[in-house]
Amino acid sequence: MSNNCHLTLMKRAIKISILFFLEIILFIIAMIGLCIATSNIEEPSTTLPTIRGEKVSEKDGYRSIGNNWIRQSETGLWEVYVEGSDIERGVALGKLEKELMFYQEKVFVDQINELVPSKSYVNFLKHLIVFYNRNLTDYIPQEYQNEIYGTTIEGTHEFDYIGTPYERQLNYHAAHDLGHAMQDYMLVGCTSFATWGDCSKDTLLTIGRNFDFYMGDDFAKNKVVTFYNPEHGHKFAMVGWAGMTGVLSGMNEEGLTVTINAAKSDMPTSSAMPISLLARKILQYASSIDEAFAIADSAQTFVSESILIGSANDKRAAIIEKSTEKTALYAPEGNSLVCANHYQSETFANDERNVENIQTSDSPYRQKRAEQLLKEKYPIDPQKAAEILRDTRGMDGENIGLGNEKALNQLIGHHSVVFQPEKGLMWVSTSHWQLGRFVAYDLKKIFNEANPSEEIYTKEMEIKEDSLINTAEFRNFLGYRHTKKAIRKSLSEKRDLSNKEIRNLTLLNPNLFEAYDIAGDAFWAKGEKDSANVYWSKALLLEIPKLGEKEKIEKKIEKSIR
């Protein structure tokens, strides 16, 4: 090999090492930033509503204050209805979701403390994020500041060492955005699709989405479906968690849907409008694709995002592709589209970050798999849409191991949703992940007739749970997750592992590259280099989601044979 080749490889290796180190640092900063961003944010000056002094009443299986209520369905989903002005909605949410908000925040903070146990380092990052988020409120509409403030009036003070309840909740709304820094750690990687015309049964616009934002199983335990009847704008429904007033997946009374998919971004250097709040503004105030685009184009955001818009009025869907510098509308010919985590419009065709993302990530693979399934299951209806969202296989149905990031269903998703905008219908997934039953909600009926003392979902339209959930393969996968966590903990604590324990990991999930990669690491830690090399080599023969992961394994093998 020539000296020039050696020099090129060396430069590339150095670059990869530096980038990896920076990613780790940015990952930690991003995680801490979400819960310690105390930038001396002033609370809004707004008159508190009369319900501030009222007590929450409980009867017939639901709790209420004024006309607002919360109930837990027998499906496990929490259902909430709120109405009125921004501060009225916020105070109602804060009172109704008080216990759920505490649980959600505790789970989140516990996860952060597990990742970064050093208090001195947390304190350092706290001051860094104070500077970073100094102008956050300049980019958030006053309506949403007031609503978020309302949710925190009765908020817990247990975490005041992080910031006031208002400061904390305001910054939690940037969770999806700062999750971009975690994209390589399988915390953000969503897939969505839409069909209409001859690609859909009865030509109805049908949309499916997986929201793969992972912060641990406990974080996704309490899914909340919220029905908003705001003083201004459209009534709408959305899926998220307690305290989250931004939109991740939702549909309004006009039949406009909004779902967000992360795209490759540089680490933000300053604050701007969180994507979830931009999506909220679109859902609340837009009734067509053009109106949605105008709202998105006028906003300044600090990460890149694809926003899939479905519109009953337009009888089609399109994708708004937005970066910190430009906004494009991707509306391809034909009657279907797929949205993964890379851009598809001409505007971003030569964008350096987008090109890198396409070349190195699992996003194009997931897109091709979704397109393949859309053709196989043509024409699409809600049942088939759910089947696509639940798919755990690779191209051509190949078994690539449960939990593989190349699958549409990575078995980490917070929620999945199917929409039929022209009918005002939405189906929301239940545990486990996308495999549980999909619960049907008729928005027109709920906004006009909902009685919280009864189940408000439409039982006869339910999509049954997936058959995988009752198989030995799935039970083994649950065992794999537990074993993987135990082995990684043992490795970090430098505790000895038996060869049987290590080999068992691969038996539980024999088609997943990660199982062999971890097994190789475990044998290496025991000083058994030959065994480590065997398992790492096996990993390379399986489907590996990202180029960077493949290169890391190759380097470990290189090291083992020196």
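**Hairpins, sheet and core**

Modeller: Let us begin with a hairpin. This is a predicted model, and in it strands E1 and E2 form a hairpin with two residues between them. In the turn, aspartate 60 has a positive phi of about 50°.

Colleague: How many bridges join strand E1 to E2, and in which sense do they run?

Modeller: Strands of a sheet pair through backbone hydrogen bonds, either parallel or antiparallel. Here E1 (residues 57-59) and E2 run antiparallel, joined by three bridges. Serine 57 has serine 64 of E2 as its bridge partner.

Colleague: Are the residues on the two faces of E2 buried or exposed?

Modeller: Both faces are covered. Tyr62 and Ser64 on one side, and Arg63 and Ile65 on the other, are all buried.

Colleague: How should I read the open sheet, and what is the order of its strands?

Modeller: Six strands form it, in the order E14-E5-E6-E15-E16-E17, with antiparallel pairing. Strands E14 (336-339) and E17 (438-442) each have a single partner strand, so one side of each is left without a neighbour in the sheet. From one strand to the next, the twist averages 10°. Within the sheet, E5 (residues 191-195) and E6 pair over five bridges, and phenylalanine 193 has glycine 208 in E6 as its bridge partner. Helix H12 (residues 382-389) packs on the sheet, touching E5, E6, E15, E16 and E17.

Colleague: Where is asparagine 210, and which side chain does its own side chain join in a polar contact?

Modeller: Asparagine 210 is in strand E6 (residues 206-211) and is buried, with a relative accessible area of 0%. A polar contact of 2.5 Å joins its side chain to that of serine 416.

Colleague: How many residues has the largest nonpolar core?

Modeller: In soluble globular proteins, nonpolar side chains tend to be buried together. The largest nonpolar core here has 66 residues, and Leu278 is one of those with the most contacts inside it. Among the residues that leucine 278 touches are Met273, Ile295 and Ile307.

Technical notes. Residues numbered from 1 in each chain as written. Predicted model: local features only at pLDDT ≥ 70, side-chain atom pairs only at ≥ 80, totals over all residues. Heavy atoms only, no water. Buried < 20%, exposed > 50% of the residue type's maximum accessible area, 1.4 Å probe, protein only. Helix = DSSP H or I, 4+ residues; strand = E, 2+ residues; numbered from the N terminus. Pairing = 2+ DSSP bridges. Polar contact = N/O pair within 3.5 Å; in protein donor to acceptor, adjacent residues only side chain to side chain. Core = buried A, V, L, I, M, F, W, Y, C linked by side-chain atoms within 4.5 Å. Contact = heavy atoms within 4.5 Å. Axes fitted to C-alpha atoms, helices over the stretch in contact; angles between N-to-C directions. Lists of a residue's contacts leave out its neighbours within four places in sequence.
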